[in-house]
Amino acid sequence: MRVAFVFGWQMSRKIEGTMSSPVISGATAHPSPASSPAPAAEVIGVAKSFGAVQALRAVDLTLYPGETHALLGENGAGKSTLVKILAGIHLPDEGEIRISGQAVTLRSPLEARAHGIAVIHQHPTLFPDLDVAENIFMGRQPRGRFGQIDWSAMRAEVDRLLAPLGVGFDSSTPVQGLAIADQQLVEIAKALSLDARILIMDEPTASLSAREVERLFAIVRRLRDHGVAILFVSHRLEEVFALADRITIFRDGARVITAPASDLTLEATIQHMVGRQLQTLFPKEPAEIGDVVLRVEQLTRAGVFHDVSFELRRGEILGLFGLIGAGRTEVARVLFGVDRADSGTIHLDGKQVSLTSPAVALQLGIGYVPEDRHRQGLLLPFPIASNVTLPILPRLSRLGIVNRPKERDLAAEFARRLQVKAAGVEQAVAALSGGNQQKVVLAKWLAANPRVLILDEPTRGIDIGTKAEVHHLISRLAVQGLAILLISSELPEILGMADRVLVMHEGRITGIFDRDEADQERIMYAATGQARIPA
Amino acid sequence: MTRLARWETLLAALLVALFAIGIATSDVFLRGSNFSLIASSTMEKAVMALPMTLIIIGGEIDLSVASTAGLASAVVGKSWEAGWPLWLCLVTALVVGAACGLLNGLLVTRLGLPSLVVTLGTLALYRGLASVLLADSAISNFPAGFTRFGFGKIGGTGIPWTLLVFLPLFVIFAVLLHATWIGRQLYATGTNPEAARFSAVRVANLKLGLFVISGVLAALAGIMYTARVSSSRADNAIGFELDVIAAVLLGGVSIFGGRGTLFGVLLSLAAIATLRNILALNSSNAELQSIAVGSLLILSVLGPNLVRRLRGAQPGRLAGSRSARMAEAGD
């Protein structure tokens, strides 16, 4: 069944090929999944792994025409991988995708589009220097008699598409000046012009205001009522319950449940998202918690994070949890002198400090293991030794001349202590596994002997064995008196390692929990911006 | 490192081949006086090539060196004409060179402009200032001691005085680049400026310092040139940036930063000077020399790239790296 989603307007016949669907005016009845025998899309037993990481394990998902289906899960649960498979970016290792009952192979975004799948990403991918019409008809502009672009037909068509969306711009507006919300509407108009039957939205509301979200939802509901199957990924649970007909929850790459939204409570949803057993992966040893080392007051970087205040003590592991976009890394960047705060103060050992560069932060005893190992953490072509000693090279030099034997010995010492598996410290870091690379980054900052160590996703993308080693190391460092700020998107890691947990949501701290009062539900409530704390 | 070692071996072989060609095609090639000529005419470019090597390894470029040298030459002439003592004329020229480098450095590090554009602009600007100072005139009544420094030889050895300026500078720069922490930070900056910054390297200060040093040494080269040709003119040392950059790149320094050695640059300086000398001895004109040096420049960049592309084109390799990137971009 081919469903069009026009809102009662007459389609131009001038634009051949791209606008071939028959016009259906009037709303299709909103079909309930049970009574709808023909799914728009089916995902059957799809598995996908990247190297050693199993991103998806035999997941099933059925999308019916005329339903809004929410896909939920923690960071790393496999949502984005599934979206990318449906968008034609990844090919599944196993399993099958069916569109309108037909098994298909989506080898590229173009093929996905040909099967009626349109994907709207969190950050719209438009050409900023072109106008709205040019973006919508990029690569398939209507042609005139001599092969020239038929501008008037194109603009007329686009304005017809935009009219029912109730937007404040038209076909000739340059995309450059449009807000993210409006750019998303351009993407939606593009999907309409492509006759998309399956609309996938990956965190469409992440950067929208409440009113923009309302307008987007109104449009999405209208599309649904016209028979489009809509799959959307979101971290904002209240929006999910406001919009979704059905909800599917992923955890660790597997599907936990698919149920009508009306059958799920907020509490049950969160439990399904996080509900796993804490493993012995977290060998947290009791450390003696000492004086305050780092005190942050009312730290604000306009538009990024606001009024962030906390204290970090000697021997303490302070967990910083939040979903993507919560502003955790941005706070860390300010604490390491990469970015400057607009207001607020930072005190080290009671003295106010001005962190103007990472070099200054290092001098003051702050180390930072960044989130992006390859771009920020390592010099991939350099040997292990040079990577480990780079921040402290002046200390290993006399009259500027680097003492090579001393450098090698120091690097070898830390490589041994962290059990870096390599042929020797002269081996290039690029040749190491992800886990060993991360150990080199850690060795680099341990060699610098900091008082405060900020760890930003220290175990992302590394195998489970190395992960346990890194956790053990973090715990030992705290026992030795280091003050540690542990940023992580993994709840078990935060719960297993942290003495206290700080939770951020949209640039603000929404919760602080001691180790004994921190649990998955409370943290998840705070991280999704829910005011209510369950009893 | 092994790739660079091989590159330097290749350069040494090229140099030997050029010597063989020189001996075969000209009777005067092996004479001491010819070597003096090769050496003294190369020294200005060699001096400019030292900081250029460091700048390119650090991921930037300075196209304004020859114009800075020209401006320094004009400053020497103009101040000498005004009756200043020679030492003051020279110091002033060096200070002007430092100021030229500082402007480049500030525009690059504080405003974040690409050095290619900034120094292309100052290439025209500094040359223009030299023309403003001297117009079409030439100042050439310099004292004999000054001009003897330019083209004179030490005793009867045939070794030009300017070589004595270059050699200690070469040693200083080689130590700076290859033995000190500053040199290491420079390689780190050229390899990945963001990772270098996250490793507490003061990237901006490092680059600013290099541009200032480049300005000072360009001014020194301008002084050497003025002394050698016994004349201060607005178009002194014009076009030298091509030879300097060609020598650095042919020396195995990566135009993308992070790789290269000063030893390689030394070999390539010698090779280019010898090539030019052979062409001159065989009465080729200046245009032909330009064509030869330009071709060498392109070959020096093309050669390593071609090798890398041929190696990189192994089946499956591209697909592998693509999926790895995708995995990283995943949730």
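1. Chain A and chain B bury about 2800 Å² between them, with 58% of it on carbon and sulfur atoms; buried area here is the accessible area (1.4 Å probe) that two parts lose on being put together, summed over both. Of the area that chain A buries against chain B, 17% comes from A:Gln376, A:Phe382 and A:Leu390, more than from any other three residues.

2. This is a predicted model, in which local features need pLDDT of at least 70 and side-chain atom pairs count only at pLDDT 80 or more, while totals for chains, interfaces and linings use all residues. Residues are numbered from 1 along each chain as its sequence is written, chains are lettered from A and ligands numbered from 1 in the order in which they are written, and side-chain values use heavy atoms, with hydrogens and water left out.

3. The contact (heavy atoms within 4.5 Å) takes 43 residues from chain A and 27 residues from chain B.

4. Two salt bridges are found across the interface of chain A and chain B, the term meaning a side-chain nitrogen of Lys or Arg within 4 Å of a carboxyl oxygen of Asp or Glu. B:Arg184 forms a salt bridge with A:Glu407, where the closest N and O atoms are 2.7 Å apart.

5. Chain A also has an open sheet of six strands with mixed pairing, in the order S6-S7-S8-S3-S9-S10; strands are DSSP runs (E, at least two residues), and two of them pair if DSSP finds at least two bridges between them. The edge strands, S6 (117-120) and S10 (254-260) of chain A, each pair on one side only.

Terms used: Helix = DSSP H or I, 4+ residues; strand = E, 2+ residues; numbered from the N terminus.
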